[in-house]
Amino acid sequence: MTRNITVAGIQTSYGTDLQDNIDKTIGFIREAAQQGAQVILPSELFQGPYFCVSQEEHWFEHACEWDKHPCVTQLQPIAKELGVAIPVSIFEREGPQYYNSLVMLDADGEAMGVYRKSHIPDGPGYQEKYYFRPGDTGFKVWNTRFGKVGVGICWDQWYPETARAMMLQGAEVLMYPTAIGTEPHDDSLDTAAPWQRAMQGHAVSNVVPIVGANRIGHEQVTEAGQTFYGHSFIANHRGDLVQSFGHDEEGVLVATFDLDFLDRHRAAWGFFRDRRTDLYSPLTGPKR
């Protein structure tokens, strides 16, 4: 029997009210599940506006322990009810430390653990190093009911080693929740196409489907504000866009992939065949 997986990405705007944002996300999760989706990806930090556009200490009060975060606890019964897996992006607090994190919920509603974002941007409009420590969990792959899912978070998407490390742990699909848009220091700079192409390259180099979920809309967190460019997509193992949105569309993208075919095709390409694991492990470094 063929092993298929049906994945989805959510593209929408978010406001300042936590509960409204959770309820809106639940609505799109239900919509995706009705279309057959089994693993459904909301965008990065959907709990509220993307606050990292500036440095304001009051935002720290919006962080929670990962297993107590309202986005996690309210989506757990939804995952169980619908029988779907949901990667949940959150602002996490652990004691005095803060992280940009992701909790994977499996189809029974159980939290499988936490991944903490490894690559933290620090520039105009994306001042995340003020808020987040670099992740200390390492990259993770989640053995969900439907398949092995690797999830990076936003800035992780630019780095080929992120995708490669997850693939070496057996990932069968890669997902990237994102919040990215205008660059306040340069109105002429539009990174939507390079953002897509970077992940399309990961799809080709690892023979794996990719889901990228970004937010849309203008958010007036600062005087200048910031507009998020959407362009969420699902790419196949060739990097072809099989489903995609533009800059302001709202909804869900859904696509199905044959995991058995992908496994054979990945083996045939040989990208993972000639690694010298006796000398070097991409996960642990040189062996001495």
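Trainee: Which residues does H62 touch, not counting residues up to four places away in sequence?

Mentor: H62 touches Q47, H69 and F91. Please keep in mind that this is a predicted model.

Trainee: Where is H62 found, and is H62 buried or partly exposed?

Mentor: H62 is found in the loop between strand 2 and helix 2. Buried means under 20% relative accessible area and exposed means over 50%; H62 has 36%, so H62 is partly exposed.

Trainee: Let us turn to Q157. What is the place of Q157, and is Q157 buried or exposed?

Mentor: Q157 is in the loop between strand 9 (147-151) and helix 3 (160-168). The relative accessible area of Q157 is 0%, so Q157 is buried. Not counting residues up to four places away in sequence, Q157 touches Y176, T178, W195, A198, M199 and H202. With one of these, W195, the side chain of Q157 makes a polar contact of 3.3 Å.

Trainee: In which sense does strand 11 pair with strand 10, and in which sense with strand 14?

Mentor: Strand 10 (residues 173-177) and strand 11 pair in the parallel sense over four bridges, and L174 stands opposite I210. With strand 14 (residues 233-235), strand 11 pairs in the antiparallel sense over three bridges; here G212 stands opposite F233.

Trainee: How many bridges join strand 4 to strand 5, and how many residues lie between them in the hairpin?

Mentor: Four bridges join strand 4 (residues 97-105) to strand 5 (residues 111-116), and the two run antiparallel. V103 in this pairing stands opposite V114. The hairpin has five residues between its strands, and G109 in the turn has a positive phi of about 85°.

Trainee: Next, the aromatic rings. How many aromatic pairs does the structure hold?

Mentor: The structure holds 20 aromatic pairs. One of them, Y50 with Y126, is tilted, with 5.7 Å from centre to centre and 45° between the planes. Y50 lies in the loop between strand 2 (39-41) and helix 2 (70-82), whereas Y126 lies in strand 7 (residues 126-127), so the pair ties together parts that are 76 residues apart in sequence. Y50 and Y126 are both buried.

Trainee: Why is the pair of F51 and W59 stacked?

Mentor: Planes under 30 degrees apart count as stacked. The planes of F51 and W59 are at 20° and the ring centres are 5.4 Å apart, so the pair is stacked. Both residues are buried, and both belong to one aromatic cluster that also includes F60, F91, Y98, Y130, Y131 and F132.

Trainee: Over which rings do the charged ends of R116 and R215 sit?

Mentor: The charged end of R116 sits over the ring of Y99, 4.2 Å from its centre. For R215, the ring is that of F228, and the charged end sits 5.5 Å from the ring centre.

Definitions and conventions:
Residues are numbered from 1 along each chain as its sequence is written. This is a predicted model: local features need pLDDT of at least 70, side-chain atom pairs count only at pLDDT 80 or more; totals for chains, interfaces and linings use all residues. Side-chain values use heavy atoms; hydrogens and water are left out. Buried means under 20% relative accessible area, exposed over 50%, partly exposed in between (1.4 Å probe, protein chains only). A polar contact is a pair of N or O atoms within 3.5 Å; within protein, one must be able to donate a hydrogen and the other to accept it, and residues adjacent in sequence count only if both atoms are side-chain atoms. Contact means heavy atoms within 4.5 Å. Two strands pair if DSSP finds at least two bridges between them. Rings of Phe, Tyr and Trp (its six-membered ring) pair if their centres lie within 6.5 Å; planes under 30 degrees apart count as stacked, over 60 as edge-to-face and the rest as tilted. A charge sits over a ring if NZ of Lys or CZ of Arg is within 6 Å of the ring centre and within 35 degrees of the ring normal.
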